[in-house]
Amino acid sequence: MSTQSQSDRFVVVAALDGILSVRVALVAARLAADIASGELHFVHVMTLPPRGGGSTAFAVEDWRARLQEAGASAGAIHKGRLVGHLAVGDPCDEILQVAARLEADILLVGTHGRKGVDRLLLGSVAERVVRRASCPVLVVREKDYHAGLPPEIEPPCADCLDVRLASKKGEMWCARHSQRHPHGHAHYEIPEPFALGSSIIRP
């Protein structure tokens with residue numbers, strides 16, 4: 001195994017599925033685009049239909065088209081190397097195999113956030129990949145800070161969101177949240193001036 005190949009390239013591998021493909025592709029493209037030597041690889045894993053259950057050729061062409069679609073969306077963001085891989089077999093095994101062959105530096109997988117019985121019945125490819133991967137794994141899901149939040153977590157402040165939008169993220173907080181107020185999770189070992197508020201380091 002060559003260490004030189006890893007020194008001049010940063011390999012991002014993104015596993016695509018039918019529902020979260022676009023979301024995963026865009027997150028992966030933004031990540032790869034921020035790295036000078038970044039290269040982006042998409043992988044989709046097919047399971048063969050049962051005998052008499054459909055055309056394998058049609059399934060391959062369908063997923064090639066989806067890989068090309070994801071590549072077109074990502075290509076508008078990431079201008080570096082972009083490759084699509086189509087594999088057949090167990091999704092977790094094949095995703096990890098592609099990552100190993102490419103010596104991936106980071107691996108992205110999507111999750112639908114299923115819980116309870118659905119998760120037990122359907123299994124979780126993302127969870128298996130996280131447990132078995134030999135590189136960092138970024139789990140991608142749809143962003144939802146309202147319906148998807150647990151009850152103990154407050155949703156974003158609508159006034160703060162309006163301030164960020166109006167100031168093009170130059171300002172972070174509304175008038176109410178700009179004031180000093182105590183938090184139960186304050187870390188007192190941090191120097192006091194650091195903990196008094198937030199400041200933008202780079203717009």
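Author: Let's start with A32, which sits in helix α2 (residues 21-33). This is a predicted model, where local features need pLDDT of at least 70 and side-chain atom pairs count only at pLDDT 80 or more, while totals for chains, interfaces and linings use all residues. Residues are numbered from 1 along each chain as its sequence is written, and side-chain values use heavy atoms, with hydrogens and water left out.

Reader: Why is A32 called buried?

Author: Buried means under 20% relative accessible area, exposed over 50%, and partly exposed in between, with a 1.4 Å probe and protein chains only. A32 has a relative accessible area of 0%, so it counts as buried. Of the 203 residues of the chain, 27% count as buried.

Reader: Which residues is A32 in contact with?

Author: Contact means heavy atoms within 4.5 Å. Setting aside neighbours within four places in sequence, A32 is in contact with V12, G38, L40 and H78. There is also a C-alpha to C-alpha distance to quote: A32 and A74 are 9.6 Å apart in space and 42 residues apart in sequence. For the chain, 72% of the contacts with a separation of 6 or more are between residues 24 or more positions apart.

Reader: And E39, is that buried or exposed?

Author: E39 comes out at 8% relative accessibility, so it counts as buried. Its place is in strand β2 (residues 38-46). Leaving out residues up to four places away in sequence, E39 touches R9, F10, V11, V12, H78 and R81.

Reader: How do you know that β1 and β2 pair?

Author: Two strands pair if DSSP finds at least two bridges between them. β1 and β2 have 6 bridges, in the parallel sense, and F10 stands opposite G38 in β2. Strand β1 (residues 10-15) is also joined to β4 by 3 bridges, again parallel, with V12 opposite I106 in β4. Then 4 bridges join β4 to strand β5 (residues 137-140), in parallel, and L108 stands opposite L138 in β5.

Reader: What is the order of the strands in the sheet?

Author: The order is β3-β2-β1-β4-β5, an open sheet of 5 strands with parallel pairing. β3 (82-88) and β5 each have a single partner strand, so they stand at the edges, and one side of each lacks a neighbour in the sheet. Neighbouring strands of this sheet are turned by 20 degrees against each other on average, direction ignored.

Reader: Why is β4 described as largely enclosed?

Author: In strand β4 (residues 106-110), 5 of the 5 residues are buried, so the rest of the structure largely encloses this strand. In a regular strand the side chains alternate between the two faces of the sheet. For β4 both faces are covered: I106, L108 and G110 are buried on one side, L107 and V109 on the other.

Reader: What lies across β4 and β5?

Author: That's α6, running at about 160 degrees to β4. Axes are lines fitted to C-alpha atoms, for helices over the stretch in contact, and angles run from 0 to 180 degrees between N-to-C directions. A126 is in helix α6 and, at 6% relative accessibility, counts as buried. Residues up to four places away aside, A126 touches V109, G110 and T111.

Reader: Why are α4 and α6 called oblique?

Author: Under 35 degrees counts as roughly parallel, over 145 as roughly antiparallel, 65 to 115 as roughly perpendicular, and the rest as oblique. The axes of helix α4 (residues 91-102) and helix α6 (residues 125-132) cross at roughly 45 degrees and come within 9 Å. The pair is therefore oblique.

Reader: Which residues of α4 and α6 meet?

Author: P91, C92, D93, I95 and L96 in α4 meet V125, R128, V129 and R132 in α6. By class, this contact has 6 nonpolar, no polar and 3 charged residues. Here Ala, Val, Leu, Ile, Met, Phe, Trp, Tyr, Cys and Pro count as nonpolar, Asp, Glu, Lys and Arg as charged, and the others, Gly among them, as polar.

Key
Helix = DSSP H or I, 4+ residues; strand = E, 2+ residues; numbered from the N terminus.
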